[in-house]
Amino acid sequence: MQFQNIPEKILIIDFGSQLTKLIARRVRDLGVYSEIKTPKEIRKMKNLDKVKGIILSGGPSTVTKVNYQSIPKNVIKSKIPILGICYGLQLIAKLFGGQIRSSRKRREFGRARIFKKKNSLLTKNFLSSSSNVWMSHEDAVFKIPKNFKAIAFTRSSKFTIIENRKKKIYGVQFHPEVTHTDRGKQIFKNFLFLICKIKKRWSVISQKNKLIREIKKKVKNDRVICALSGGVDSSVVALLVNRAIKKKLICIMVDTGLMRKNEFKHTYKIFKNRYKLNIKLVNASKFFLKNLKNISNPEKKRKIIGTLFIKIFEKEAKKFKNVKFLAQGTLYPDIIESKSSSGSKTSKIKSHHNVGGLPKKMRLQLIEPLRDFFKDEVRILGTSLGLLRGICFRHPFPGPGLAIRIIGNITPEKIKILQEADHIYIKELNKRGLYDKIWQAYAALLPIKTVGVMGDTRTYEYTCLLRAVISEDGMTADYFNFPKDFLDNISNKIVNNVRGINRVVYDISSKPPSTIELE
């Protein structure tokens with residue numbers, strides 16, 4: 001989003017990193033406005049008058065090739081402070097005459113220990129003697145340019161932090177934007193306030209009225225259908241659009257048959273009775289199950305579900321006059337995993353039903369007011385809009401629903417089994433006071449049956465996988481470390497109460513390398 005009337009800003013140049021928007025997120029957290037631009041967009045910019053600092057992102061490219069992504073000379077000569085991250089560091093070294101090589105022996109992925117060599121404004125209160133950082137690189141700087149100094153190093157990389165203090169150009173090989181880097185936000189704090197000397201003038205809540213004005217301006221006299229699932233994202237969108245156009249909003253709740261147990265009816269009552277929204281229910285469970293029959297490929301599932309949603313919304317839109325728009329709760333993590341939002345060479349992770357899973361041709365125009373926001377920012381907006389805490393802080397639930405938590409083919413029997421297991425799991429998390437400590441938790445059904453023994457009788461039933469992660473924004477995550485007695489208890493409860501499951505496992509993978517959802 002490009003917010004107006006903000007005199008000072010930070011430019012983030014996106015070289016295709018999956019974490020570019022996370023950099024923007026860290027800058028926002030510090031109360032500073034930022035814009036993300038591709039190298040191509042930077043070349044078209046006529047002036048950099050309001051730019052107080054430039055951050056170069058990481059990315060999948062390499063500066064060791066003849067053709068590599070770079071930045072225009074006017075950026076380098078602008079005397080604007082620059083911070084390069086990962087690929088950004090290597091690009092800085094390349095442009096100023098340093099040497100970069102690709103070395104499998106010196107590659108670093110995951111956590112690494114960084115050691116201080118010299119003091120720097122960039123590392124104030126970040127690095128005393130050593131610290132843990134998160135790495136993701138195979139190329140490395142072997143010789144730094146003239147007039148640059150080495151500030152810190154790891155055992156595999158001599159030039160983990162470099163600087164040219166006179167030119168105010170800095171580079172870090174690690175990723176300070178991810179939570180795996182200890183005190184990573186301090187790097188951005190130092191760059192913004194000690195080096196760029198920019199002031200705090202941005203907040204999430206300050207954008208609420210602007211979002212409402214933008215929706216009103218775009219819709220004018222037309223009407224909007226809102227895809228309302230009851231999760232925090234679609235709920236915030238519904239309340240925002242309702243504030244903007246009121247009676248011209250029609251919320252459509254589609255029962256896909258793939259929701260959690262009893263969730264659909266409960267959510268409908270809240271929005272109908274408490275928020276007085278104009279809601280129409282569509283029971284499409286048989287329609288979805290029919291189209292998903294014998295489909296096991298996760299990408300096909302997502303695309304089929306995305307297409308079916310649009311067909312339903314377009315069919316419903318014809319029943320009302322002047323419906324031109326479809327509002328949905330797309331967030332930035334959905335965008336970045338489905339496709340590049342900025343035109344850079346970001347690699348695609350998976351399609352989301354409301355992004356990469358949408359059909360190419362649509363009659364309705366999209367309204368996605370949250371597409372540049374992260375989940376916790378949406379929760380701040382939701383709170384300011386009066387959204388109930390139980391909805392505002394509900395764990396993320398995927399648009400395709402249980403379809404991507406049932407690995408392999410989907411059947412009514414499997415849906416019922418998973419709904420019961422998930423219901424027990426979430427209920428127990430609330431009972432033990434653990435729900436609010438976890439970013440996202442769910443049960444999944446694996447496509448394998450195993451032998452078990454119940455009452456001296458052989459069983460051959462499904463395996464239930466439990467997942468629980470802690471995260472700030474869904475871009476990175478670690479598994480939640482449950483007390484052993486909780487895992488003992490929940491395994492026992494699921495096996496004893498859900499016919500069809502005889503084995504329970506707990507997923508201890510982090511993101512990356514895994515994703516939070518299994519499909």
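Helices here (H or I, at least four residues) and strands (E, at least two) are DSSP runs, numbered from the N terminus. This is a predicted model, where local features need pLDDT of at least 70, side-chain atom pairs count only at pLDDT 80 or more, and totals for chains, interfaces and linings use all residues. Residues are numbered from 1 along each chain as its sequence is written, and side-chain values use heavy atoms, with hydrogens and water left out.

**Two loop residues**

- Arginine 405 sits in the loop between α13 (389–392) and α14. With 0% relative accessibility, arginine 405 counts as buried (buried means under 20% relative accessible area, exposed over 50%, partly exposed in between, using a 1.4 Å probe and protein chains only).
- The side chains of arginine 405 and glutamate 517 are joined by a polar contact of 2.7 Å. A polar contact is a pair of N or O atoms within 3.5 Å; within protein, one must be able to donate a hydrogen and the other to accept it, and residues adjacent in sequence count only if both atoms are side-chain atoms.
- Leaving aside residues up to four places away in sequence, arginine 405 touches a list of residues including Arg260, Phe397, Leu418, Tyr442 and Glu517 (contact means heavy atoms within 4.5 Å).
- Threonine 123 belongs to the loop between β6 (108–116) and β7 (130–137). This threonine 123 is buried too, at a relative accessible area of 3%.
- Threonine 123 and isoleucine 187 are 64 residues apart in sequence, yet their C-alpha atoms are 6.2 Å apart in space. Not counting residues up to four places away in sequence, threonine 123 touches Ile151, Ile161 and Asn190.

**Helix pairs**

- Two packed helices are described by the angle between their axes and the distance between the axes. Axes are lines fitted to C-alpha atoms, for helices over the stretch in contact, and angles run from 0 to 180 degrees between N-to-C directions.
- Helix α7 (residues 232–245) packs on helix α12 (residues 375–384) at about 40°, with the axes 10 Å apart. α7 and α12 are therefore oblique to each other (under 35 degrees counts as roughly parallel, over 145 as roughly antiparallel, 65 to 115 as roughly perpendicular, and the rest as oblique).
- α7 passes α12 in a left-handed crossing; that label applies if the near helix is turned anticlockwise from the far one by less than a right angle, and right-handed applies if clockwise.
- On the α7 side, Val232, Asp233 and Val236 meet Lys375, Val378, Arg379, Leu381 and Gly382 of α12. Sorted by class, that contact has four nonpolar, one polar and three charged residues (Ala, Val, Leu, Ile, Met, Phe, Trp, Tyr, Cys and Pro count as nonpolar, Asp, Glu, Lys and Arg as charged, and the others, Gly among them, as polar).
- Helix α14 (residues 412–431) and helix α15 (residues 484–497) cross at roughly 145°, their axes coming within 10 Å. The α14 and α15 crossing is right-handed.
- Among the α14 residues that meet α15 are Ala421, Ile424 and Tyr425, and the α15 partners include Phe486 and Ile490. By class, the contact of α14 with α15 has seven nonpolar, two polar and three charged residues.

**Helix α1**

- Helix α1 (residues 20–29) is mostly covered, as nine of its 10 residues are buried. Lys21, Arg25, Arg26 and Arg28 are among them.
- After α1 comes glycine 31, with a positive phi near 80°.

**Lysines with positive phi**

- Lysine 168, in the loop between β10 (161–164) and β11 (169–172), has a positive phi near 60° despite being a residue other than glycine. At 34% relative accessibility, lysine 168 counts as partly exposed.
- Lysine 220, in the loop between α6 (208–219) and β12 (223–227), also has a positive phi, near 55°. Lysine 220 is exposed, with a relative accessible area of 59%.
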